[in-house]
Amino acid sequence: MTTARAATLVGPERLEIREYPIPEVAPDGALMRIGLGGVCGTDVKYYRGRIDMPYPVILGHEIFGRIERLGSEAARIHGVAEGDRVVLKGSRGCGHCRDCRAGAPRFCPRRTAYGSRTSAADPPHLFGGLADYLYVNPDAMLFKVGDGLSDEAAVLCGSVMANGYQWAVLHGGATFGDTVLIQGPGQQGLACTWAARCAGAARVLVSGAAADADRLALCRAWGADAVIDADADDVVEAVADFTGGAMADVVVDVSGSPDALASSVAALRRRGTLVLAGLTGGGRRVPVEIDALVWNEIRLQGAFTAGSTALEATMALVEATGFDVASMVSHTFGLDDTELCIRAVGGEIDGMYPVKAVIRP
Ligand SMILES: [Zn+2]
Ligand SMILES: [Zn+2]
């Protein structure tokens, strides 16, 4: 093969499968053959133009594949060999800016941002995971995948499952005996349910809309003690009933719904922690009762991705326990159906509402 297909966003709601030449691999570069690319709600926001993008951009930031070609220096940089199965997640950044020096390269303006903020305009072009191939820059972070993990498990551990651990446990502090409320029963809510359960939470509650009945049932299978239909029942009252008035120690709001914020705050006990991880897009603003946060000493933590510690811990735990993370995958599409896949994830396609969709190019 001399060309690679890639799902390229050229403007809001303008997605094209473009062909790019397969690039030469520089000594510090590598070429990855994509095995699976995950699609999440953020891709829907990119597609709809609700987040600024340097068009054209190849989508796909949940990336699993195999190292096909490896430059002589890249083997040393990444500690991998040709043929290795790897997850690509995030970037080391430039190493010199204030964010990089503070240990937060995910904010580095000079990092390679696969599937989002690195344009496909210039060679080697291939900076997104919804494609046949991807070009590995020297700052990319690669994680070797153990033989005990399926392709599906690998791509999920590198994205949504690591988020669950980062948000519910590392940010939220969920631990033995806690009551954890998760607002939003989609892929991120499922992962947070699993993580809170693994961390020793005594009670895990998940809320969702009436239309989410299937997802809520899956949350129960993944360890939730109770689920709340937020269209039929008041979420705050339900938490009060379930906890005898003690309320939640941790709320993880992955709903992406501005309307959920008020109940997320009200469902917390004093000194509880609210982790806000669902993007709403489009610069949405929501009124919040400030005094409720002040009086109750609520800790509010924004969270947009998982770090490498979360990813490696998640991979290790899933591989060791054999937990069936792949049961989250409800839909697998080919690359030519990327637009359909993203619109389905966004809830635009009648009769098709994936819990987790992946693309196998
Ligand atoms: Zn994602
Ligand atoms: Zn930097």
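Helix α5 is followed by Gly173, whose phi is positive, near 75°; helices here are DSSP runs of H or I with at least four residues, strands are runs of E with at least two, and both are numbered from the N terminus. The model is a predicted one, in which local features need pLDDT of at least 70 and side-chain atom pairs count only at pLDDT 80 or more, while totals for chains, interfaces and linings use all residues. Residues are numbered from 1 along each chain as its sequence is written, and chains are lettered from A and ligands numbered from 1 in the order in which they are written.

Of the 12 residues in α5, 12 are buried, where buried asks for 20 or more other C-beta atoms within 10 Å of a residue's own, exposed for 12 or fewer, and partly exposed for a count in between, with C-beta atoms placed from the backbone. Among the buried residues are Tyr165, Trp167 and His171.

The axes of α5 and helix α6 (residues 187-198) come within 7 Å and cross at roughly 60°, each axis being a line fitted to C-alpha atoms, for helices over the stretch in contact, with angles from 0 to 180 degrees between N-to-C directions. That makes α5 oblique to α6, since angles under 35 degrees count as roughly parallel, over 145 as roughly antiparallel, 65 to 115 as roughly perpendicular and the rest as oblique. In α5, the residues that meet α6 include Val160, Met161 and Trp167, and in α6 those that meet α5 include Ala191, Cys192 and Trp194; contact requires C-beta atoms, placed from the backbone, to lie within 7 Å.

| α7 (residues 213-221) | β10 and β11 | about 170° to β10 |

This sheet is open, with six strands in the order β11-β10-β9-β12-β13-β14 and parallel pairing, two strands being paired if DSSP finds at least two bridges between them. Strands β11 and β14 stand at the edges, each with a single partner strand, so one side of each is left without a neighbour in the sheet. Four bridges join β9 to β12, and within β12 the bridge partner of Leu181 is Val251.

Leu216 lies in α7 and counts as buried because it has 21 C-beta neighbours inside 10 Å. Beyond its neighbours within four places in sequence, Leu216 is in contact with Pro185, Val206, Gly208 and Val227.

Conventions
Two residues are in contact if their C-beta atoms, placed from the backbone, lie within 7 Å.
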